[in-house]
Amino acid sequence: MPDTVPHHSPYTHLISDCDGVLIDSEAVALQALLSLLAPRLPNLPAGVTLQGLIEPRLGLRLVPLMHDIYTELGLPQLPEEELLAIGHAVNVMCDEQLSAVPGVAQALAAIDLPKAVASNSVSARVHSALTRTGMAGLFGGRYFTPDLVGHAKPHPGLYLAAAAGFGVPPGQCLVLEDSVTGVTAAAAAGMTVLGFIGGGHIAEGQEARLKAAGAKHVFSDMAKLPALVASIMEGAAV
């Protein structure tokens, strides 16, 4: 049975990121980027690793991620057609290894709040991934993505659009995020963020990074999410 929503709690809705929270894709994306960028960046400066360049930027869309890396290294940006080819290859690898984050469907089903997805992926990929993993019904088609909204994280626009879609102030929304990029966006929107650090892509020190970006709570086990949400709502109830 779903957890009972405490009366008068200020939180009325739940918004979730997709990749890394619902779909266990970020670890696959990391490995794909490592394999695709290694031959393009063979001579990194001393003390710099490709994984160290990519991991903090997971959650960004590919173009700004690549732009940031090449800017940091002081290298010319890759041409658009090469970026498109890299993005396509990453998407293919993620789709081939598509799976839900363990326990997330059960956890969300136990939380009796209306739900939406705010993702930097395109809406078609979000819908396809959630349909294939059996989670589409949890969100009722409420997807907010850059191709629909016109903004991408870390801009808060996706989260503000989700709150507007629900017809509620942003402060009434709880958010599930796994990246600094996403936490930054949700916090800037004025929402309470729960940072998830249980994915296969999570690097050491991620809990501290998510808290520094604005996450109020951090958890690593989806089985504990319903109780965490209930506790937050009870603590905030007036």
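Mentor: Serine 9 counts as buried because its relative accessibility is 11%. Buried means under 20% relative accessible area, exposed over 50%, and partly exposed in between, using a 1.4 Å probe on protein chains only. The model is predicted, so local features need pLDDT of at least 70, side-chain atom pairs count only at pLDDT 80 or more, and totals for chains, interfaces and linings use all residues. Residues are numbered from 1 along each chain as its sequence is written, and side-chain values use heavy atoms, without hydrogens or water.

Serine 9 sits in the segment before β1 (13-16). Its side chain reaches the backbone nitrogen of tyrosine 11 at 3.2 Å. Helices here are DSSP runs of H or I, at least four residues, and strands are runs of E, at least two, numbered from the N terminus.

Now the helices. Two packed helices are described by the angle and the distance between their axes. The axes of α1 (residues 26-37) and α4 (residues 80-96) come within 9 Å and cross at roughly 140°. Axes are lines fitted to C-alpha atoms, for helices over the stretch in contact, with angles from 0 to 180 degrees between N-to-C directions. α1 and α4 are therefore oblique to each other. Under 35 degrees is roughly parallel, over 145 roughly antiparallel, 65 to 115 roughly perpendicular, and the rest oblique. From α1, residues including Val28 and Leu33 make the contact, and from α4, residues including Ile86 and Met93. Contact means heavy atoms within 4.5 Å.

How values were computed. A polar contact is a pair of N or O atoms within 3.5 Å; within protein, one must be able to donate a hydrogen and the other to accept it, and residues adjacent in sequence count only if both atoms are side-chain atoms.
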